[in-house]
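Dear colleague,

Please find below the structure that I am handing over to you. My findings follow directly after it.

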Amino acid sequence: MRADAARAAKPLNYQEVYNAIAEALDNSDYDDGSYGPVLVRLAWHAAGTYDKNTGTGGSNGATMRFNPESAHGANAGLSVARDLLEPIKKRFPQISYSDLWSLAGVVAIQEMGGPTIPWRPGRKDADTSAACTPDGRLPDASQAHDHLRNIFYRMGFNDQEIVALAGAHALGRCHTDRSGYEGPWTFSPTTFSNSYFKLLLSERWVDKKWSGPKQAVDKATGSLMMLPADLALINDRVFKKHVAEYAKDENKFFADFAAAFKKLEELGVPFPENAPTLTFNRAAA
Ligand code: HIF
């Protein structure tokens with residue numbers, strides 16, 4: 001008890017929290033061997049509810065802890081990520097859930113080889129479900145470019161930022177018991193790279209023959225997938241121009257992704273005026 005109290009009084013060293021999250025990532029029994037992708041999805045779904053017109057939603061509050069937001073279809077499977085972070089919340093009780101989830105997105109991206117993403121603490125948790133956002137604020141994977149623009153413009157993003165963010169689908173996979181879709185987007189789903197853009201352009205994407213929802217598979221191997229919303233990025237002239245740029249220039253992708261992901265994680269957060277912007281070192285291997 002007294003040790004806990006002493007720890008709670010000590011100012012939080014966020015690099016220590018970073019390292020603790022980094023240590024929890026690898027698990028050879030889970031998916032492709034890492035919880036990194038599902039943590040990125042948690043951080044994004046917590047933030048992507050933001051509506052710039054009403055100032056509601058966003059990562060502040062961590063309202064996905066509560067019903068009904070935890071039960072929204074788009075959030076299926078994210079209890080895996082929230083439960084993984086619970087022991088870290090216990091170990092560092094001063095950090096808010098909302099800061100912890102957002103920091104976990106940064107850790108996962110950096111530890112999987114992505115860019116350094118500057119991060120600020122200062123999010124506060126909501127006490128009740130009253131702050132939960134209505135269902136339908138996150139994108140619907142079965143839809144195309146008009147829908148993507150509606151959803152991401154509502155958060156305050158432009159076309160170039162939408163495409164930069166989309167590169168995160170280099171990571172992870174779809175699960176039939178979560179979204180109904182199946183498979184990874186790339187051959188290296190635990191490595192952050194520009195391969196999502198390269199594959200979008202280089203592969204022939206054909207309809208998957210199955211009884212599940214409409215999705216594409218690569219004709220060559222049948223082992224990769226694209227959602228209708230992913231293919232929208234090459235069926236729209238403006239989006240496609242950015243896809244081609246990021247496929248060619250990984251450094252440009254990394255720089256633009258870091259800026260867009262930081263913006264995503266900060267949407268609607270009323271940071272204290274003196275909140276420092278932090279950058280973290282990768283945890284020692
Ligand atoms: Fe995803 N996304 N996302 N996504 N997403 C899934 C999984 C991941 C969309 C739909 C899905 C972004 C945008 C969009 C990640 C990160 C980001 C799944 C599969 C679906 C259906 C869930 C499952 O079955 O487990 C749509 C329609 C988006 C608008 C284009 C972001 C840009 C790419 C904002 C983003 O960062 C990650 C990581 C995963 C993998 C999760 C996993 O458990 O492996």
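An oxygen atom of the ligand lies 2.6 Å from an N or O atom in the side chain of Ser 179, a polar contact being a pair of N or O atoms within 3.5 Å (within protein, one must be able to donate a hydrogen and the other to accept it, and residues adjacent in sequence count only if both atoms are side-chain atoms). The model is predicted: local features need pLDDT of at least 70 and side-chain atom pairs count only at pLDDT 80 or more, while totals for chains, interfaces and linings use all residues. Residues are numbered from 1 along each chain as its sequence is written, and side-chain values use heavy atoms, with hydrogens and water left out.

For Trp 44, a polar side-chain atom is 3.0 Å from a ligand nitrogen; for His 169, the corresponding distance to a ligand nitrogen is 2.9 Å. His 169 is also the only protein donor of the ligand's iron atom, through NE2 at 2.2 Å. Donors are N, O and S atoms within 2.8 Å of the metal (3.2 Å for Na, K and Ca); water is not among the atoms, so sites may look incomplete. His 169 is located in the loop between H7 and E1.

In total, 24 residues surround the ligand, and the closest are Trp 44, His 169, Arg 173, His 175 and Ser 179; a residue is counted if one of its heavy atoms lies within 4 Å. The shell comprises 17 nonpolar, four polar and three charged residues, where Ala, Val, Leu, Ile, Met, Phe, Trp, Tyr, Cys and Pro count as nonpolar, Asp, Glu, Lys and Arg as charged, and the others, Gly among them, as polar.

At least two shell residues come from each of helix H3 (36-47), helix H6 (145-155), helix H7 (159-166) and strand E1 (173-174). H3 gives the most, with five residues. Helices (H or I, at least four residues) and strands (E, at least two) are DSSP runs, numbered from the N terminus. Domain 1 (2-137 + 260-266) and domain 2 (145-257) each contribute at least three residues to the shell, with bounds from an automatic or database domain assignment.

Two backbone features may also be noted. The peptide bond from Asn 67 to Pro 68 is cis, with omega near 10°, and Pro 68 lies in the loop between H3 and helix H4 (79-91). Asp 31, a residue other than glycine, has a positive phi near 45°.

Kind regards
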